[in-house]
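Colleague: I am new to this structure and would like to know what lies behind the labels. Please set each value beside its cut-off.

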Amino acid sequence: MRIWQLSASDPLALRLAADVRQVHTDYADDQIWELVLGEGQSPALALETRYGGRCGLARLVPMWVIGGRAVYEASAYAAAPIVEVFWPGYLRLAMRPASELAVTAEYWAMESHAIGGRFTLRNLASQPVEVGVDMVAQIMTAGQAGDINLLTLDNGQVALHLQNVGELQPVIMMHAVTPLDEARPKLAARVTVPSGEQT
């Protein structure tokens, strides 16, 4: 397997769509996503879609919370995201939101209507590191910001809900969500990574 070193300055089109050779596809409603690598003051990572023309733009941005500091802009990263591996419907990236934290990010098209992702965190410091990741959603429909709220599911899990995207009601879920009492709806997870280990 070839390992690449592609950055935001390289010519990239990082689209994720269901691959008929591997997963279920729906040709009438094949939702395509694109991972955008930012530079400067823009988000370092943004997973975007238009839900097949149902909205102007919907995007998910991971925001890292390290030492009480929020990191999401490309210029704030110790090492900006680079694409290491890409296959049809799959991407793997490496980055360092802080000097002591290495992150591997994977994104894949699960089927025509679902996208998945996983972050693997590795502590490079000699002390444990407390890390938070907040998943922030943004949506624009008809030139207006769309409505986003939190749902509590029957099993007690919390999900982020993008309301009324055409006839869709998209839901974003994340493992080990920590409830936060904040005005802006988002999914948040907190973890302590021991020195030299990964989670």
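Modeller: Strands are DSSP runs of E with at least two residues, numbered from the N terminus, and two strands pair if DSSP finds at least two bridges between them. Between β8 (residues 101-111) and β9 there are 10 bridges, and the two run antiparallel. This is a predicted model, in which local features need pLDDT of at least 70, side-chain atom pairs count only at pLDDT 80 or more, and totals for chains, interfaces and linings use all residues. Residues are numbered from 1 along each chain as its sequence is written, and side-chain values use heavy atoms, with hydrogens and water left out.

Colleague: What makes β6 and β9 edge strands?

Modeller: The open sheet has four strands in the order β6-β7-β8-β9, with antiparallel pairing. β6 (79-87) and β9 (114-123) each pair on one side only. Within β9, Ala114 is the bridge partner of Glu111.

Colleague: Why is the pair of Trp64 and Phe119 called edge-to-face?

Modeller: Rings of Phe, Tyr and Trp (its six-membered ring) pair if their centres lie within 6.5 Å; planes under 30 degrees apart count as stacked, over 60 as edge-to-face and the rest as tilted. The centres of Trp64 and Phe119 are 5.1 Å apart and the planes stand at 70°, so the pair is edge-to-face. Trp64 lies in β4 (residues 57-66) and Phe119 in β9, so the pair ties together parts 55 residues apart in sequence.

Colleague: What makes Trp87 and Tyr90 a stacked pair?

Modeller: Their centres are 4.7 Å apart, with 25° between the planes, and that angle falls under the 30 degrees for stacking.

Colleague: How do you know that the charged end of Arg2 sits over the ring of Trp4?

Modeller: The rule asks for NZ of Lys or CZ of Arg within 6 Å of the ring centre and within 35 degrees of the ring normal. The charged end of Arg2 is 3.7 Å from the centre of the Trp4 ring and is counted as sitting over the ring.
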